[in-house]
Amino acid sequence: MDTKKIPIYKPYIGENENKIVAECMQSTWISSQGKFIKTFEEKVQEYTKANHAITVSNGTVAIHLAMLALGIGPGDEVITPNFTYVASSNSILYVGATPIFVDIDPFSWNLDPSLIEAKISSRTKAILYTNVYGAPVEYNKLKRIADKHGIYLIEDAAESFGATYEEKMSGTLGDISTFSFFGNKTITTGEGGMVLTPHKKLADKIRKLKNQGNSDTIRYYHDVLGYNYRMTNIQAAIGVAQLGKIDDILELKRQLQRNYEEGLKDLVSFQRLPENSTSSYWMCSILFKSIDERENIINALEKANIETRPFFTPIDELPFYNKVEDCPHTKEVAARGMNLPSFPALKKNEQDRIIEIIRNNIK
Ligand SMILES: Cc1ncc(COP(=O)(O)O)c(C=O)c1O
């Protein structure tokens, strides 16, 4: 039996990345200045059709900057799903605001728009949503609620690079949207992230905040409390090479999803997408009928040297959040869901082996 480890993810890196990094090294522009920063920003802007795209050092600080740029702080509330990656909700805590958790829809595993309005108060400043595992939320419904109540919409698109909603690209579906380019993301720069916005004023503010609050006119003068949240030119160079093959990456991932669905659809559930949307299928994910079934399969795959991930822990259960919300669907989905190996270079025979082990171990 082939016992070579199958990881949950590995980046899709090849000769183009090697070449462009070598070019960057030879130029000696290896810090956060250099031509690839601008090129990467322009290319992402072109790909997503965003008005402004700003490179940053990772996807977590991208959301922190979104909070700061929108002036969200102590006393403010931000509506957010209980089922997401911790960095998303943490950004609300970083600025001293309060997360208000809302449950997810049991089929889309994304924020349930019908539950939001009951949680809006006079303190609510924004809805911060995630496109979980790459699947777009019901954007039109969220946008209607945000507009009606005069609150901001922040799109954490860390997992949904390349996904679309009614032909609009993920990354353009918020007053501010953010990407992560961590090593396991659809395109990667190792560590890295981006902030996107339709609004020039916000873009200018974000550029200043990520760059130590530097004055535009006076050297070594800082208008505001800023941060060093800059991406390096080397990272941006990798990003340019990665973006050059985004269509291939997305097609390979769509094929992985199709194979998993074909092989397992009678036994497990898959994430439901809104109409007229496409997922990035960042993580191919399945929901079992019971917690025991999931544990059983995780163990069987581990024995066969195949890595999986359980779904995110509900955020309100983490010790530093210290509150338990009434979010039954979040709890159910978190307990029964699992991510499968989802990297573009996963071979068909490896995927067949994964499917076979799951099928053989479900009672
Ligand atoms: C939904 C979500 N938000 C934020 C992040 C944070 O991105 P990073 O790891 O680049 O800081 C991630 C990725 O890890 C994520 O999946």
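Colleague: How many salt bridges does a search of the whole structure find?

Modeller: The search finds 20 salt bridges. A salt bridge here is a side-chain nitrogen of Lys or Arg within 4 Å of a carboxyl oxygen of Asp or Glu. This is a predicted model: local features need pLDDT of at least 70, side-chain atom pairs count only at pLDDT 80 or more, and totals for chains, interfaces and linings use all residues. Residues are numbered from 1 along each chain as its sequence is written, and side-chain values use heavy atoms, with hydrogens and water left out.

Colleague: Which residue forms a salt bridge with Glu 117?

Modeller: Lys 148 does, with the closest N and O atoms 2.8 Å apart. Glu 117 lies in the loop between strand 3 and strand 4 (124–130), and Lys 148 lies in helix 5 (residues 139–149), so the pair ties together parts 31 residues apart in sequence. Helices (H or I, at least four residues) and strands (E, at least two) are DSSP runs, numbered from the N terminus.

Colleague: New topic. What domains is the protein divided into?

Modeller: Domain 1 (15–243) and domain 2 (246–361). The bounds come from an automatic or database domain assignment. Contact between them takes 43 residues from domain 1 and 40 residues from domain 2. Contact means heavy atoms within 4.5 Å.

Colleague: How much area do domain 1 and domain 2 bury between them?

Modeller: About 3,500 Å², with 61% of it on carbon and sulfur atoms. Buried area is the accessible area (1.4 Å probe) that two parts lose on being put together, summed over both.

Colleague: Which residues in domain 1 lose the most area to domain 2?

Modeller: Asn 82, Trp 109 and Tyr 133. Together they make up 23% of what that side buries.

Colleague: And how many salt bridges are counted between domain 1 and domain 2?

Modeller: The count is one. There are also 20 residue pairs in polar contact across the interface, both residues at pLDDT 80 or more. A polar contact is a pair of N or O atoms within 3.5 Å; within protein, one must be able to donate a hydrogen and the other to accept it, and residues adjacent in sequence count only if both atoms are side-chain atoms.

Colleague: On to the ligand. How many residues surround it?

Modeller: 13 residues do, and Gly 59, Thr 60, Asp 156, Glu 159 and Ser 180 are the closest. A residue counts as near if one of its heavy atoms lies within 4 Å.

Colleague: How far is a polar side-chain atom of Ser 180 from an oxygen atom of the ligand?

Modeller: 2.7 Å. For Lys 185, a side-chain N or O atom is 3.0 Å from a ligand oxygen. For Asn 58, a polar side-chain atom lies 3.4 Å from one.
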